[in-house]
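User: I would like to learn how to read strand pairing, helix packing and chain contacts in a model such as this one. Could you take me through them step by step?

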Amino acid sequence: MRSFPPPGILVPLKECEKMMTAIICNGTENKNLFPTFIMGSAAIALGHEVYLFFTPAGAPALKKGFLEQVEGKGMPEMMEMVNDFLTLDGHIVACELCMDVYDMTEEDLRESVEVVGATGFLSDINDATITFTF
Amino acid sequence: MTTHTLDALGLKCPQPVLKVAIMAKQMQPGDMLEIMADCESFPEDIGKWCTTTGNTLLFCAVEGDGKAKAQIQF
């Protein structure tokens with residue numbers, strides 16, 4: 001059986017398959033939001049494909065205007081981090097159940113947010129090798 | 001070959017490396033990027049970023065006032 005690449009041939013990291021990181025955000029407090037976006041930004045800077053999934057408990061943070069109010073002493077600037085994360089094609093997804101829980105429509109959420117079901121999300125992050133929950 | 005600069009002074013972890021990753025998208029092979037940053041973890045972070053992404057960290061020096069200057073070749 002032939003293996004690829006052949007033994008002894010180093011493949012530059014740039015050409016390796018993309019790593020994937022999935023982060024679950026389970027609340028709307030600073031202790032949920034900062035680690036979600038800090039770890040997500042660090043992972044996307046390293047070239048990972050990154051999914052930030054907001055459960056119904058975290059999804060209100062994705063309402064228009066919410067993240068703009070988030071600030072923490074000694075913490076990075078939240079909106080700059082969010083925008084840079086999106087510039088690098090990071091995914092921000094909300095659990096579809098939150099729509100009924102909070103009587104929200106997709107109009108209430110930031111434009112960049114995708115609404116997904118649990119099965120679709122699990123399928124999307126099938127290749128994730130790093131996961132966090134905050 | 002072009003030399004680009006990035007002023008990341010005052011930015012907190014992981015923002016300096018995030019800015020580097022964004023600039024990296026427009027770099028051509030051989031281009032240089034000079035970064036100034038004063039986030040404490042930056043020297044270690046940029047070294048690991050270069051290792052992981054396959055770019056060359058030519059140097060990273062921390063000056064007396066805690067400001068680090070790094071140069072990457074793409």
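Analyst: We start with pairing: two strands pair if DSSP finds at least two bridges between them. Please keep in mind throughout that this is a predicted model.

User: Which residue in E2(A) is the bridge partner of A:Met20?

Analyst: The bridge partner of A:Met20 in E2(A) is A:Glu49. Strand E1 (residues 20–25) of chain A and strand E2 (residues 49–54) of chain A run parallel, and six bridges join them.

User: In what order do the five strands of the open sheet in chain A lie?

Analyst: The order is E4-E3-E2-E1-E5, with parallel pairing. Strand E4 (113–116) and strand E5 (130–133) of chain A are the edge strands, each of them pairing on one side only. On average, and with direction ignored, neighbouring strands of this sheet are turned by 25 degrees against each other.

User: Which strands does H1(A) lie across?

Analyst: H1(A) lies across E1, E2 and E5 of chain A, and its direction makes an angle of about 170 degrees with E1(A).

User: How should I read the packing of one helix on another, and at what angle do the axes of H1 and H2 of chain A cross?

Analyst: An α-helix has 3.6 residues a turn, so residues three or four places apart point the same way. Here, the axes of helix H1 (residues 30–45) and helix H2 (residues 78–87) of chain A come within 10 Å and cross at roughly 35 degrees, and the crossing is left-handed. From H1(A), the residues A:Phe37, A:Gly40, A:Ser41 and A:Ile44 meet A:Met78, A:Met81, A:Val82, A:Asp84 and A:Phe85 of H2(A). By class, this contact has six nonpolar, two polar and one charged residues.

User: How many residues of chain A are in contact with chain B?

Analyst: In chain A, 16 residues are in contact with 13 residues of chain B. H1 and H2 of chain A are the elements that give two or more residues to the side of chain A that touches chain B, and the residues of that side divide into 10 nonpolar, three polar and three charged.

User: Why is helix H1 of chain B described as largely enclosed?

Analyst: A residue counts as buried if 20 or more other C-beta atoms lie within 10 Å of its own. Seven of the 10 residues of helix H1 (residues 15–24) of chain B are buried, so this helix is largely enclosed by the rest of the structure. Among the buried residues are B:Pro16, B:Val17, B:Leu18 and B:Lys19. What covers the buried residues of H1(B) includes H1 and H2 of chain A, together with strand E1 (3–8), strand E2 (32–37) and helix H2 (42–53) of chain B.

Notes
Residues numbered from 1 in each chain as written. Chains lettered and ligands numbered in written order. Predicted model: local features only at pLDDT ≥ 70, side-chain atom pairs only at ≥ 80, totals over all residues. Axes fitted to C-alpha atoms, helices over the stretch in contact; angles between N-to-C directions. Helix = DSSP H or I, 4+ residues; strand = E, 2+ residues; numbered from the N terminus. Left-handed = near helix turned anticlockwise from the far one by under 90°. Contact = placed C-beta atoms within 7 Å. Nonpolar A, V, L, I, M, F, W, Y, C, P; charged D, E, K, R; others polar. Buried ≥ 20, exposed ≤ 12 C-beta atoms within 10 Å, placed from the backbone.
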